[in-house]
There are 2 protein chains.
Amino acid sequence: MVPNPRPTYTVIAKTAGVSEATVSRVLNGDESVHPDRAKRVHEAVDKLGYRKNRVASALASGRSGLIAVVIDDDLSVFSDPFWGTVTSGVSRILSESGIHTVLMVSPVGSADGGVAHYLKSGEVDGAIFFVLHSDALVNNLKKTGLPMVIAGTPHSSLDIPFVDTDNFGGAYAATKHLINKGCHKIGIITGDIGTTAAKQRLDGYLQAFRETGRVPAKGLICEGDYSLESGMENTRKLLRDHPDVDGIFASNDLMAAGAVTVLQDMGKLVPDDIKIVGFDDALIAQTTRPALTTIRQDVVALGEAAGRLMISQLDGEDVQPFITTTELIIRGSA
Amino acid sequence: MVPNPRPTYTVIAKTAGVSEATVSRVLNGDESVHPDRAKRVHEAVDKLGYRKNRVASALASGRSGLIAVVIDDDLSVFSDPFWGTVTSGVSRILSESGIHTVLMVSPVGSADGGVAHYLKSGEVDGAIFFVLHSDALVNNLKKTGLPMVIAGTPHSSLDIPFVDTDNFGGAYAATKHLINKGCHKIGIITGDIGTTAAKQRLDGYLQAFRETGRVPAKGLICEGDYSLESGMENTRKLLRDHPDVDGIFASNDLMAAGAVTVLQDMGKLVPDDIKIVGFDDALIAQTTRPALTTIRQDVVALGEAAGRLMISQLDGEDVQPFITTTELIIRGSA
DNA sequence: AGAAGCCGTGAAAGCGGTTTCGCGGGTAGT
DNA sequence: ACTACCCGCGAAACCGCTTTCACGGCTTCT
């Protein structure tokens, strides 16, 4: 059926008049081949439209040209545009180096299990983790020497490169903004406190708070879980416990949106009665009325950084954690 | 370093006392092996913790166990939670069959180019396409016999299996709902008319409209592009041209949300003055005030269907296009 | 009873690259 | 001039699994 099956080294070698070994050297950038011969090989490659069989190459060399993006969770996480964006950033950077992205969406509870086996199987050259709920797997994998990058700050201080948003700084800026706007009693609705990001945002809030010389009253810190419902619920709770709250920092925009709707249903004016700052600068920040003042994070940069860190590791370079900066976006809510 | 390098067929064969060929047969489910021997092989596999090297397997068999998910666009599309959800649905179904998902986010303009080459290279066993802007690539690829699935109705009537939402039916139901609610002058804000989904939704609207015996006045049909801004802009235009509009069907929730905010900014009451219906039942449908009446599509099912269609093809079965049903979700906006 | 099929199995030839090893020739050291 | 190296290059082994081929032993048909 296929008129012209893909050529192999045998053919290239023959038409270039060299050995297959030389073809391999040329195609892998071995400098030691005489320029003339290299040229002949390149000509043959062009002429025959040769493309290397990556599978064969992977088998022989042990390098697959594939890196895994592991999302430690279920469907819901990936439906979050945040991770979609990060992933495409990763994918784009990697593909520039001829590396493809294998997607694995699965709870990665234990250090064993399917994903772990796969990663250990040598079928991928590295792994990038999103939304790690536990460090068990990466800790275990570290021993295998598999290059890894973690998106988000790890729980324990692993010696594994990671990329993250400046959660602390962003939360600090958000809280500071509320203070500057004259808020005196500022509540926070945290994210899922099992995540390091949520903790860091809480810390940023606390830091800004402390600098005012006060300590956050009990009950001003509400533990949410990043969902719309938790934003609404915690806002109600906050106002019940502290009717005089005049500012709320929500750890993401979704909860901030929840806060806005609840407050409006209660007859409170945003931002006149209560000011609200969110985090993410998600799309929803623009559709609430008033639109949300929020902390923008550079999601694409985050993904690209993760990709670059991986590439660097594959190249055997030393890598440093990478923290992207945040930006305060002022809209109507504060 | 590694104390126990992964065992190979050689080892399994030896400890099971059979030939490597038999090991291969057992591990690939060849029925013709005597049960006793098969049992011995399985025992050896368990005992040694053997896991097949997929790369070697791929090279020898020509089947890589990888399928590509190709998103014909740039970052922005993937930040849409819609595609993230579809992708994870695909990924989950495929992984149940031991197949992994390779993600490719890239404009697939021509029938040539990097993606095309990769797909032709035999490195993947199949390809699933999202957001196809043109049928050129798939048409070209069809000749190679590569199993393909298209998410979304293709532009031309290709003989390639696809999965899609019942866009027509959903739009029809949405428009019908507006009519039933007593709307007389109903506008539509379409999606990017370069996509078949947008066209089908427009058709559904037109059909419902026609059944009333009227024809949509010129200017009631506004061409949007699924973005928040286009929703806002077209709403303004709609009201400028037809101040007496009393219903709007927006082809997605984002534009519907834009419509709601614009109308409110203009001092119009939703749903009292103007009723609005969206499409998708995205998260944003719940966060607008009033919440959006919309057409829910089963996005996860769509992804899973795409995955299943692919599996079926790999198994050599005949496959039929798959259309998921929609559901009218009534909330406050209409 | 002999020819013809079948069946389960192992030996071995790939799949298409990569990499080690060693050879011949040229350069350098003494 | 002779030994010691270095360099570019080809032969061949090898990566780990799949698949063809053929063989010995049985059953079945004539």
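Predicted model: local features only at pLDDT ≥ 70, side-chain atom pairs only at ≥ 80, totals over all residues.
Residues are numbered from 1 along each chain as written, and chains are lettered from A in the order in which they are written. Local features need pLDDT of at least 70, side-chain atom pairs count only at pLDDT 80 or more, totals for chains, interfaces and linings use all residues, and side-chain values use heavy atoms, without hydrogens and water.

Student: At what angle do helix α1 and helix α2 of chain A pack, and what is that arrangement called?

Tutor: Helices here are DSSP runs of H or I with at least four residues, strands are runs of E with at least two, and both are numbered from the N terminus. Axes are lines fitted to C-alpha atoms over the stretch in contact, and angles run from 0 to 180 degrees between N-to-C directions. α1(A), residues 9-16, and α2(A), residues 20-27, have axes 8 Å apart at about 100 degrees. Angles of 65 to 115 degrees count as roughly perpendicular, and α1(A) and α2(A) are therefore roughly perpendicular.

Student: Which residues of α2(A) meet α1(A)?

Tutor: Contact means heavy atoms within 4.5 Å. From α1(A) come Y9(A), T10(A), I12(A) and A13(A). Their partners in α2(A) are E20(A), V23(A), S24(A) and L27(A).

Student: How much area do chain B and chain A bury between them?

Tutor: In this interface, 41 residues of chain B are in contact with 40 residues of chain A. Buried area is the accessible area (1.4 Å probe) that two parts lose on being put together, summed over both. Of the area between these chains, 68% is on carbon and sulfur atoms, and the total is about 3,800 Å².

Student: How many salt bridges does the rule find across the interface of chain B and chain A?

Tutor: A salt bridge is a side-chain nitrogen of Lys or Arg within 4 Å of a carboxyl oxygen of Asp or Glu. One such pair is R289(B) with D265(A), whose closest N and O atoms are 4.0 Å apart. Across the interface the count is 4.

Student: Why does the salt bridge of E123(B) and R54(A) join two chains?

Tutor: The closest N and O atoms of E123(B) and R54(A) are 2.9 Å apart. E123(B) lies in the loop between α7 and β3 of chain B, and R54(A) in helix α4 of chain A, so the pair joins two chains.

Conventions
Parallel < 35°, antiparallel > 145°, perpendicular 65-115°, else oblique.
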